[in-house]
Amino acid sequence: MLEKLLRSRREIVCQQAVELVTDYLEGTLSRAGRRRFESHLAGCPHCTEYLAQMRATIELTGTLTADDLPGPVQDEFIDLYRRWRADQGEEPQDDSRG
Amino acid sequence: MDQDPDAELLGRLRAGDEQAFVMLVRRHHDAMLRLACGYVPSVAVAEEVVQDTWLGVLRGIGGFEGRSSVRTWLFRILVNRARTTGARERRSVAVGDPEPAVDPSRFDDTGHWAAPPERWVEEADARLDAAKLAGRLRSAIDELPDRQREVVTLRDIEGLSSEEVCSVLEISEGNQRVLLHRGRSRLRQSLETEFGGT
């Protein structure tokens, strides 16, 4: 849908521009699409603000850490490992692939 | 993935090195716990999911072929287990269904802003209580439809690349981008609703 929009020659309007923000930030717009998006921004303070808000949202999300979560309980995992070693051979192999 | 920082540890773990296991756990535990918390009702259950994941890792270590990074592999096992365990109500929105980034009523008939975005970014920097902002954002993330929450958490909190997210969640690049777009758009709207025009 967006590609079709960018292929057409008409100017991008705000309602379309807000749908292009992620493609723009991800760098997945074509060169022509990027140019048209940026030329809309240049004439539209509201969409410029919108883009700034999307950037701020991403940045704020990136600052969220889990300081309210308990850290690893090391002994627990050493136990887990030793139990697994002890059980090895009796357990069927999992097929988790990577 | 020539420079996977975990590859060496994984090799040692394969050779039966207990310390390598502890180091891998230390490196990834917090992120895995955060991720698991998005699927299950309590931290206690999330911890069980993480433990169960590590057990799965130990059992499946022979099958890891290094086609993805170790982290991607760990997260994929975790997500599969957390989804199975997850008692939370599924709130899926199909990727094919339209979901505008901004409520269409905020545009006029020509598609231009009728109710432009209310400013909040400067406020967030200057005046807003960081804890309050983080709290609001956390609940907004929690309220996202499942698939959007998965993608936003992995991309924007844990810092995975789009390729890694596709691999962890086993989704296409295009769907990853749509989910990311919708999730981020919803979060922006929540912040505007909460803090805009102050």
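Mentor: Domain bounds, as used here, come from an automatic or database domain assignment, and on that basis chain B is divided into domain 1 (7–85) and domain 2 (104–195). This is a predicted model, in which local features need pLDDT of at least 70 and side-chain atom pairs count only at pLDDT 80 or more, while totals for chains, interfaces and linings use all residues. Residues are numbered from 1 along each chain as its sequence is written, with chains lettered from A and ligands numbered from 1 in the order in which they are written.

Trainee: How do you know what confidence the predictor has in chain B?

Mentor: The predictor's confidence in each residue is its pLDDT, on a scale from 0 to 100; for chain B the mean is 88, and 93% of its residues reach 70 or more. Within chain B, α5(B) has the lowest confidence, at a mean of 77, and α9(B) the highest, at 95. For the complex, the predictor gives an ipTM of 0.79 and a pTM of 0.79.

Trainee: What makes domain 1 and domain 2 of chain B count as being in contact, and how many residues take part?

Mentor: Two residues are in contact if their C-beta atoms, placed from the backbone, lie within 7 Å, and by this test ten residues of domain 1 of chain B meet eight residues of domain 2 of chain B. On the domain 1 side, α2 (18–37) and α4 (70–85) of chain B each supply at least two residues, and α4(B) gives the most, with four. The C-alpha centres of these two domains of chain B lie 27 Å apart.

Trainee: Why does the span of helix α7 of chain B agree with its number of residues?

Mentor: Helices are DSSP runs of H or I with at least four residues, and strands are runs of E with at least two, numbered from the N terminus. The expected span of a helix is 1.5 Å times one less than its number of residues, so the twelve residues of α7(B) (146–157) should span 16 Å, and the 15 Å between its end C-alpha atoms agrees with this.

Trainee: What makes α7(B) mostly covered?

Mentor: A residue is buried if 20 or more other C-beta atoms lie within 10 Å of its own, exposed if 12 or fewer, and partly exposed in between, the C-beta atoms being placed from the backbone. Eleven of the twelve residues of α7(B) are buried, among them B:Arg147, B:Val151, B:Leu154 and B:Ile157. These buried residues pack against α4 (45–62) of chain A together with α2, α6 (130–143), α8 (162–169) and α9 (173–195) of chain B. Just after α7(B), B:Gly159 takes a positive phi of about 75°.

Trainee: Why is B:Pro145 called partly exposed?

Mentor: B:Pro145, in the loop between α6 and α7 of chain B, has 17 C-beta neighbours inside 10 Å and therefore counts as partly exposed.

Trainee: Is B:Glu170 buried or exposed, and how do you know?

Mentor: With 9 other C-beta atoms within 10 Å, B:Glu170 is exposed; its place is in the loop between α8 and α9 of chain B, and its phi is near 55°, a positive value in a residue other than glycine.

Trainee: How do you know which element gives the largest share of the side of chain B that touches chain A?

Mentor: Of chain B, 54 residues are in contact with 40 residues of chain A, and the largest share of the chain B side, nine residues, comes from α2(B). With Ala, Val, Leu, Ile, Met, Phe, Trp, Tyr, Cys and Pro counted as nonpolar, Asp, Glu, Lys and Arg as charged, and the others, Gly among them, as polar, that side has 27 nonpolar, 13 polar and 14 charged residues. Chain A itself has five helices and zero strands, and 23% of its 98 residues count as buried.
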